[in-house]
Amino acid sequence: MTPVTTRSSTRLAAPAPGWTTATDVVVVGSGVAGLTTALRLRAAGLKVMVVTKAVLDDGSTRWAQGGIAAALGEGDSPEQHLDDTLVAGAGLCDEEAVRVLVTEGPAAVRRLIETGAAFDKDADGRILLTREGGHHRRRIAHAGGDATGAEISRALVEAVQADPHIEVIEHALVLDLLTDAKGRTAGLTLHVMGEGQRDGVGALHARAVVLATGGMGQVFSATTNPAVSTGDGVALALRAGAEVTDLEFVQFHPTVLWLGPDAEGQQPLISEAVRGEGAHLVDADEVRFMVGQHELAELAPRDIVAKGIMRRMRETGAEHMYLDGRHFGARMWEERFPTILASCRSHGIDPVTQLIPVAPAAHYASGGVRTDLRGHTSVSGLYACGEVACTGVHGANRLASNSLLEGLVFAERIAADILDRDAAGKLTPRHEDTSREVDRVPLLAPEARADIQRLMTRGVGVLRSAASMAEAAEGLAALTADPQSSAVTGKGEAPQVETWEATNLHLVAAALAAAARLREETRGCHWREDFPDRDDAGWQRHLISRQQDGVLTTTEEQQ
Ligand SMILES: Cc1cc2nc3c(=O)[nH]c(=O)nc-3n(C[C@H](O)[C@H](O)[C@H](O)COP(=O)(O)OP(=O)(O)OC[C@H]3O[C@@H](n4cnc5c(N)ncnc54)[C@H](O)[C@@H]3O)c2cc1C
C-alpha cells in the first residue's frame, strides 16, 4: 500500500463551515456497506455517525434484485466461487482479495441474517439458491423473490434506527475531506439540508472516515443506478489526493428494460436471475442469438452477454433485443419475480404474454477508490467500502451478485481494523483542519449533468474507440474551459446540491475517460472497437488515477 499522502488537495467551492460537530468515526453513505460498518463499530462501543445524502434507504442497495452470492449450497465451495470470480474478472482480480470475499462471505451472510434479513427458503427451511451469469453453481441467496436489496436495506436500516447510539444525519451531502498538516484524515465538510443548529455547510471532525457512497452510474444517460449515484466518493477521494483505480471497467447490465431512445436517468432492471431461471434472449425474429457464442449462452458473464446484444443490435439495425420469459407462466412470474413483473406492467409490457424489450445500460463500477484488504485508502484515516471502493475483487468485470457480498465482508474488515487501531492507541487522534490553503474548484451549473451524461454515453459507453473517447474528453474539457460559459456557475450564486453533484460527475467522468483512452485493449467490460483483443503482454495491469494540485493524471501501475 502506498504510504500516507501529503499531496496538496483541492476542494469544491463552498461557503465556510457555519457549524461544527465531532465523533469517533463518520460513515458516509447508508447502503449495505455503510450501515454494516456502522453497526459493527457500534457493537464494539465506538461513537459513530452516519451521514447520507437523501434518506437512509436511498442508494443502490435497496434496488438490488437478484441476490447475494455465497458458497452456501451443498456441493459448492469457496474455491469454486473463487474460480468463477477470477474468470469474470478477466485477469485483473486480486486473488487474495477474492479469497477473502469467498471464504468470509458465507459467515458474513449468516451474520446479516442474524441482523434481521430474511432470505427465501424451501419447505425444509433451507435457503433457496439461484444461478446468475458466470456462476457454475446455484449460489445466489435471494429475498422476496426479486426484492433482495429491499430486504437487506430494511433489516439494516431497522437495526441502525434501533440503536440510539448511532447518530444519523439525513439529507447531508458530504463535500470534502478535512486533513491535518500531515495529510491525515481529520473529518469532512458537508452540506445539510436541515434546520436549526445543523443547516448549511458544516465541519464534522472525526478520527476516521469511511466512504461508502456507492456507484457512479449517473455519469451515463441511462443507468440502473438511482439519482444519488453520482460518484461523489471517488471525486472526494481524488481531490483529497487518494489513488483511484480500474475506473474504465464500468459494467453495462445487458438486460435493462428499453423505454425508448431518449430515456434518461434510472431505468428498470430485468435481473439476471430471470435468465438464471430460464428466460431466453432473442432478436426480433425470436432467434436465440447467444446460443453458440458461449458455453453458458444467456448465462455467460455480463460483458459477453452485453457485447452479444450490442453485436446483434448492430447486425439487425435494431435499437434493442428481447427477453422471452413467456414459458414461465403467470404463477412463476408472480411468485418469483413480483417486482420485475409489476415494473414491466407499469410500462405497458406483460412478460407473461409478451417479449420484454431490453438493451444494456450502465450498472456497476468495478473500479473506485483503491484500498487494501482492510479498506485503507492511500490517505491515512480514510477508508472506502462497497461500490465506491476498489478492493481488487472484481478485476475487469464484476461477477453477478458479488457486490452486496463485497460490501458486507469488507465493512466487517474495516470495522475490525478501526477497532484494532483504537485498541492499540493508533487511531489518528482528532485534528483540527490545518490545510487552509487549498484550491477551490469552480462549480458546474446543474444543467451540465445532462451534457456530461450525453458525452459519456456517446463516447465512453458500451462500445469505445479512440475517436469516440477523444470527442468525449474534448467535450468534457470544454465544459470547464471558459469560466464565463453557461456551464460554470456565476460568482455570487449560492452553490446547491445539484452544482456540487455536477462538478463531482465531471471529475469522475474525466478520470474514467482518461483511463479508458489509455487502455488500448478489450478486456472484461472495457470494449474497444479499435483494439478488439485482450493483450496480456501489454495490459495485464491496473491504471491509477490521482489528482495533484488540481491536475488529474492516469498512469500504469508499476509492476
Ligand atoms: C438495479 C440494481 C440491481 C442490483 N442488483 C444486485 C444484485 O442482485 N446483487 C448484487 O450483489 N448487487 C446488485 N447491484 C449492485 C449493488 O446493489 C450495489 O453495488 C451495492 O448495493 C452498493 O452498496 P453500497 O453500500 O456501496 O452503496 P449504495 O447502496 O449505493 O449506497 C450509497 C450511499 O451513499 C450515499 N451518498 C452518496 N454520495 C454521498 C454524499 N456525497 N454524501 C452523503 N451520502 C452520499 C447515498 O445516498 C447512499 O446512501 C444492483 C444495483 C442496482 C442499481
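Student: Is the crossing of helix 1 and helix 4 left-handed or right-handed?
Tutor: In this predicted model, where local features need pLDDT of at least 70, side-chain atom pairs count only at pLDDT 80 or more, and totals for chains, interfaces and linings use all residues, the crossing of helix 1 and helix 4 is left-handed, meaning that the near helix is turned anticlockwise from the far one by less than a right angle. Residues are numbered from 1 along each chain as its sequence is written, and side-chain values use heavy atoms, with hydrogens and water left out.

Student: And which residues make that contact?
Tutor: Helix 1 contributes Val32, Leu35, Thr36 and Leu39, while helix 4 brings Ile152, Leu156, Val157, Ala159 and Val160, where contact means heavy atoms within 4.5 Å. By class, eight of these are nonpolar, one is polar and none is charged.

Student: Switching to the ligand, which residues come nearest?
Tutor: Of the 38 residues around the ligand, those are Thr61, Gly67, Asp232, Glu387 and Ser403, and a residue counts as near if one of its heavy atoms lies within 4 Å.

Student: What does aspartate 232 do there, in terms of atoms?
Tutor: One of the polar side-chain atoms of aspartate 232 lies 2.7 Å from a nitrogen atom of the ligand.

Student: How much of the ligand does the protein bury?
Tutor: Taken alone, the ligand exposes 1000 Å², and the protein buries 98% of that, with accessible areas from the Shrake-Rupley method with a 1.4 Å probe.

Technical notes: Polar contact = N/O pair within 3.5 Å; in protein donor to acceptor, adjacent residues only side chain to side chain. Helix = DSSP H or I, 4+ residues; strand = E, 2+ residues; numbered from the N terminus. Nonpolar A, V, L, I, M, F, W, Y, C, P; charged D, E, K, R; others polar.
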